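Here are a few notes to read alongside the model.

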Amino acid sequence: MSFSGKNKQTSRPLVASFVIIGGFIILLLSLVLSIIYGAAEVDLPTTWEALTQFDPNETAHQIIRNLRLPRGLAAALIGAALAVSGAIMQGMTRNALASPSIMGVTAGASFMIAVAMAITPQVTSLAMMIWAFAGAGLGAGIVFGVGSISKSGLTPVKLALAGTAVTSMLSALSSGIAIHFNIAKDMSFWYAGGVASVQWIHVKLLAPIVMIGLIIALLLAKSITVLNLGEDVAKGLGQRTAILKITAMIVVLLLTGAAVAVAGTIGFIGLVIPHITRFLVGVNYRWIIPAAAVLGALLLVLADTASRMVNPPFETPVGTMTALVGVPFFLYLARREGRGL
């Protein structure tokens, strides 16, 4: 499936600028809301004091600075990472169903995290990310390997089916490892997905990786736009498509691996946000990448805030909140793309 064949939209610079700037402003407001709202509610003046005149003896200041602020920032970074990963995968494969959670990337990262916990119970956050990067590559490699066996090639639904099968297999293996090595309680966090336990150390590790990944994605944006027109067209215009695909996949593995290492399995952001972004800004990836980053960050921050409102004072896993949006959208896309089987 080619997006250029079904989506006749051209680039919309003015709309894209509005989406990026307006979305960023709303994101900042959403971060303020995520800091204020929780089991212990705080008012806006207290929040401002905690940010500008921090008093370590004030409990409210401690909650804001050490719990809610890193949680909100991590949610924004992770949402941006997953959304951009999905946009790159869809542009690179010209597949409307491609996303880290469906193509086995997320499940692979979670599987290797289970292995890491089984081998080294006191694994560090940095080591966890390295294991997650390796697992993300493993999951993606298996999915594309299985999908390519088909004589008719990698149609969107066949690739999605391969991804679903591999995801189920890796999830089952992760569960088996968790039970055998008695780490099921620790692994339950990764299955549910969330940023409730994020600390500043996680943000400090996550931020540079996500920033580097986003910068490289922006540098690749023009080439991905051309590749999205078709591989033959891209080669005819002098692109080295193999190098482009390898570089783009490395970016996806970095972004997704870092996100899963910190927040566990959060699905569907990488599927839904790229489609919404293309609908709004057109097919130019120089606008899609930054817009997807902003909208992905906004979605996860809002989903995390909503997860605290469903059943207070308890928290609903944020992965459940994103699934409420993503599952119907996935079924719609699968039904539409199923005609190409």
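This is a predicted model: local features need pLDDT of at least 70, side-chain atom pairs count only at pLDDT 80 or more; totals for chains, interfaces and linings use all residues.

1. Residues are numbered from 1 along each chain as its sequence is written, and side-chain values use heavy atoms, with hydrogens and water left out.

2. You will find one cavity of 30 Å³ or more (grid points, on a 1 Å grid over the protein atoms alone, where a 1.4 Å probe fits but cannot get out). The largest cavity has a volume of about 40 Å³, taken as the space filled by probe spheres set on the points.

3. Its lining (residues with an atom within 4 Å of a point) consists of I78, L82, T106, A259, V260, A263, G264 and I266. Six of these are nonpolar, two polar and none charged, with Gly counted as polar. Helix 4 (59-93) and helix 11 (241-263) each give at least two lining residues, and helix 11 has the largest share, three. Helices here are DSSP runs (H or I, at least four residues).

4. Do look at R65: its charged end sits over the ring of F54, 4.5 Å from the centre (the rule asks for CZ of Arg within 6 Å of the ring centre and within 35 degrees of the ring normal).

5. Finally, I25 belongs to helix 2 (residues 13-36). I25 is partly exposed, at 47% relative accessible area (between 20% and 50%, 1.4 Å probe, protein chains only). Its C-alpha atom is 9.7 Å from that of V294, 269 residues apart along the chain.

Key:
On a 1 Å grid over the protein atoms alone, a cavity is a set of points where a 1.4 Å probe fits but cannot get out, and a pocket is an open set with protein on both sides within 12 Å along at least five of seven lines; lining residues have an atom within 4 Å of a point.
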